[in-house]
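Colleague: I'm new to reading protein models. Could you walk me through one, a question at a time?

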Amino acid sequence: MIDIYYQVALYLNLAAGLFCLLLGFMGRAPSGWSVLSLGLSELSLLVQLVLSIALVLQGAQAKQDTVEYFAYLITALLVPVGAVLWALLERSKWSTVVLGVAALAVAVMLVRMHQIWTGIYV
Amino acid sequence: MASIGNAKRTENRPSMGAARVLIAIYAIFALAATVRSGYQLLTAFNKSPVNYSLSLVSGLVYILATIALAKGGAIWNSIALATLRFELAGVLLVGLYSVFVPVANVKLTSVWSDFGMYYGFVPLALPVIGLIWLGKRGRR
């Protein structure tokens with residue numbers, strides 16, 4: 001895990017989460033903007049996946065457990081996809097809140113991944 | 001836009017919009033708890049067999065609870081009630097037990113250890129919120 005990219009991805013997902021929560025509680029149904037922010041969340045994870053594979057191929061390993069790290073990453077990749085599918089199926093303001101919750105869940109999973117990679121628990 | 005969602009609803013399905021968020025959190029938690037504990041059981045069963053098994057059981061119960069909450073209807077409602085009570089009992093009993101018999105290493109704990117503290121107390125909050133919601137839905 002490259003530390004600077006981890007920080008960028010973390011804050012991007014936090015921002016996307018808060019943005020969607022705000023739109024949701026304002027009563028907005030999922031729109032281009034909220035779905036786009038979850039698209040960015042998914043993109044941030046895909047980049048994380050590519051970077052992580054590259055690091056591991058170069059011989060880097062997670063301090064705690066590399067397989068567990070990738071299990072988290074792959075699980076996290078499913079979350080924005082599920083939330084966006086939900087938003088497409090049901091266009092109510094609560095789907096926008098669900099988008100926000102999903103992005104925040106991704107942020108939490110990034111923190112866990114960082115703990116697994118560095119072996120440092122705060 | 002909200003009218004599209006309303007039109008699709010029937011009597012038996014959950015109709016409180018906010019409950020959708022609860023179901024979404026349940027779904028994420030079910031996925032995370034099951035994958036994590038499944039992996040721990042497969043790779044490090046001997047390190048903490050009881051806690052990892054407990055986590056897997058709780059993960060599977062979260063999956064069942066997610067489906068039951070989403071489906072609604074009399075039968076699914078009672079399943080939801082049973083799974084949520086099971087979770088609440090689990091987090092309280094295991095939480096209480098772990099206070100008296102603490103585990104030295106955080107990595108060896110279960111989802112329910114220390115009342116779900118390592119998961120931001122979400123395991124404690126979810127069944128409470130879920131039961132309150134089921135109670136409200138039942139009274140209408």
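Predicted model: local features only at pLDDT ≥ 70, side-chain atom pairs only at ≥ 80, totals over all residues.

Colleague: Okay, which pattern does chain A follow along the sequence?

Modeller: Let's take the elements in chain A one kind at a time. Its secondary structure comes to four helices and zero strands. Read along the sequence, that gives chain A the pattern α-α-α-α.

Colleague: What is the radius of gyration of chain A, and what does the globule rule give for 122 residues?

Modeller: Start with the spans: the C-alpha trace of chain A covers about 45 × 25 × 20 Å along its principal axes. Chain A is as compact as a globular protein of its length, because its radius of gyration is close to what the globule rule gives for 122 residues. The two values are 15 Å for chain A and 14 Å from the rule.

Colleague: And chain B, which pattern does that one follow?

Modeller: Chain B has zero strands, and its helices come to five. Buried residues make up 37% of its 140 residues, while in chain A they make up 43% of 122. Along the sequence, the pattern of chain B is α-α-α-α-α.

Colleague: Which element gives the most to the side of chain A that touches chain B?

Modeller: Across the two chains, 17 residues of chain A are in contact with 16 residues of chain B. On the chain A side, the elements giving two or more residues are α3 (66–89) and α4 (93–118). That side divides into eleven nonpolar, two polar and four charged residues. The element that gives the most to it, with seven residues, is α4(A).

Colleague: How many residues are in the largest nonpolar core, and which element gives the most to it?

Modeller: As a rule, nonpolar side chains in soluble globular proteins tend to be buried together. Here the largest nonpolar core has 60 residues, and those with the most contacts inside it include Val98(A), Val106(A), Tyr26(B) and Phe29(B). Elements of both chains give two or more residues to this core, among them α1 (3–25) of chain A and α5 (122–139) of chain B. With 16 residues, the element that gives the most is α4(A).

Colleague: Last one: how does Phe86(B) count, given its C-beta neighbours inside 10 Å?

Modeller: Phe86(B) lies in helix α4 of chain B. To count as buried, a residue needs 20 or more other C-beta atoms within 10 Å, and to count as exposed, 12 or fewer. Phe86(B) has 16 such neighbours, so it counts as partly exposed.

Note on methods. Residues numbered from 1 in each chain as written. Chains lettered and ligands numbered in written order. Contact = placed C-beta atoms within 7 Å. Nonpolar A, V, L, I, M, F, W, Y, C, P; charged D, E, K, R; others polar. Core = buried A, V, L, I, M, F, W, Y, C linked by C-beta atoms within 7 Å. Rg over C-alpha atoms; globule rule 2.2 N^0.38 Å.
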